[in-house]
Amino acid sequence: MEADNKNLGELTSKEFGALLEEERTLVVLMAVGSVEPHGPHLPLATDTIISEAAMLRAQARLASPKLDVLLAPSISYGVTEFARGFPGAVGIRPATLTALLEDVVGSLLSAGASHVCIVNNHLEPEHDKAVRAVVAMFNDGRVAVACPLTRRHARTLSAEFKSGACHAGTYETSIVMAAQPALVREQTMLKLAAVPVSLSEGIGRGERTFIEMGMKDAYAGAPAAATAEHGEEQLELLATMIEVEVREGLAKVAVQAH
Ligand SMILES: [Zn+2]
């Protein structure tokens with residue numbers, strides 16, 4: 001394959017087979033997202049779009065003569081209880097998500113991957129837990145989760161993100177503007193008032209839906225302040241997060257192989 005941007009779903013069986021024969025290490029990046037409301041201005045698939053854009057950047061950084069980095073088709077559904085009551089929240093149960101990920105990740109490893117990094121930018125706690133449960137099942141460096149809820153990654157991101165106003169505000173809107181500008185309803189976005197709600201504080205108080213948290217339009221933070229430049233910056237940081245998780249995972253796998 002001459003293309004640098006290798007996409008597992010776009011390879012033929014023969015091309016994938018040839019890749020395995022090349023004696024290079026194979027890393028697979030796979031997004032797990034959600035279908036849920038992201039304000040009146042962003043698409044339902046926002047979390048998947050964010051992960052896929054960060055993965056493309058991480059893939060370009062990680063790929064080397066010794067390392068093949070493939071993007072696997074995304075798992076586009078997640079646990080979306082917080083968005084209850086809004087049109088377009090289409091979710092699966094936590095146990096379903098864990099079982100699905102366990103099967104797909106296990107299958108990718110059997111197919112020849114040395115390491116699978118699950119990239120998650122849907123931050124609902126039950127979803128995060130269901131994703132991380134899969135890492136615990138393998139627990140040997142072959143599987144990692146790259147998710148900005150991890151403190152050492154979160155601290156690198158924007159002030160708005162760290163305040164907990166991390167749903168469809170400046171942070172996520174900027175990233176979608178950088179990744180898929182045509183999907184941002186910009187005229188609507190510019191008219192949106194800031195909603196200073198911290199999801200992490202709401203969760204701490206036991207609130208379990210956007211409505212309970214006071215997010216009546218399913219967003220928090222300041223979407224109107226979003227820019228593509230800010231989105232590019234944040235995407236680079238999310239790419240670093242993925243890169244760090246993959247390199248640490250590969251180091252563990254290498255230690256076990258000796
Ligand atoms: Zn989101």
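A residue is called buried here if 20 or more other C-beta atoms lie within 10 Å of its own C-beta atom. The model shown in these views is predicted.

**View 1. Helix α4 and its buried residues.** Helix α4 runs from residue 125 to residue 138 and has 14 residues. From the first C-alpha to the last, α4 reaches 21 Å, close to the 20 Å expected at 1.5 Å a residue. The buried residues of α4 are His-127, Ala-130, Val-131, Val-134 and Val-135. Seen down the helix axis, these buried residues fall within an arc of 150°, so they line one face of α4.

**View 2. The surroundings of α4.** The buried residues of α4 pack against the strands β1 (25-32), β3 (115-120) and β4 (143-146), and against helix α3 (94-110). Asn-139 follows α4, and its phi is positive, near 55°.

**View 3. Ile-242 in the largest nonpolar core.** This core holds 77 residues, of which Leu-29 and Ile-242 touch the most other members. Leaving aside residues up to four places away in sequence, Ile-242 touches Leu-29, Ala-54, Met-55, Ala-58, Cys-117, Val-119 and Ala-146.

**View 4. Gly-214 in a loop.** Gly-214 sits in the loop between α10 (210-213) and α11 (228-257). Gly-214 counts as exposed because it has 12 C-beta neighbours inside 10 Å, and the cut-off for exposed is 12 or fewer. Val-195 is 19 residues from Gly-214 along the chain, and the C-alpha atoms of these two residues are separated by 8.5 Å.

Notes
Residues numbered from 1 in each chain as written. Predicted model: local features only at pLDDT ≥ 70, side-chain atom pairs only at ≥ 80, totals over all residues. Core = buried A, V, L, I, M, F, W, Y, C linked by C-beta atoms within 7 Å. Contact = placed C-beta atoms within 7 Å. Helix = DSSP H or I, 4+ residues; strand = E, 2+ residues; numbered from the N terminus. Expected span 1.5 Å × (residues − 1). Arc of directions from axis to C-beta.
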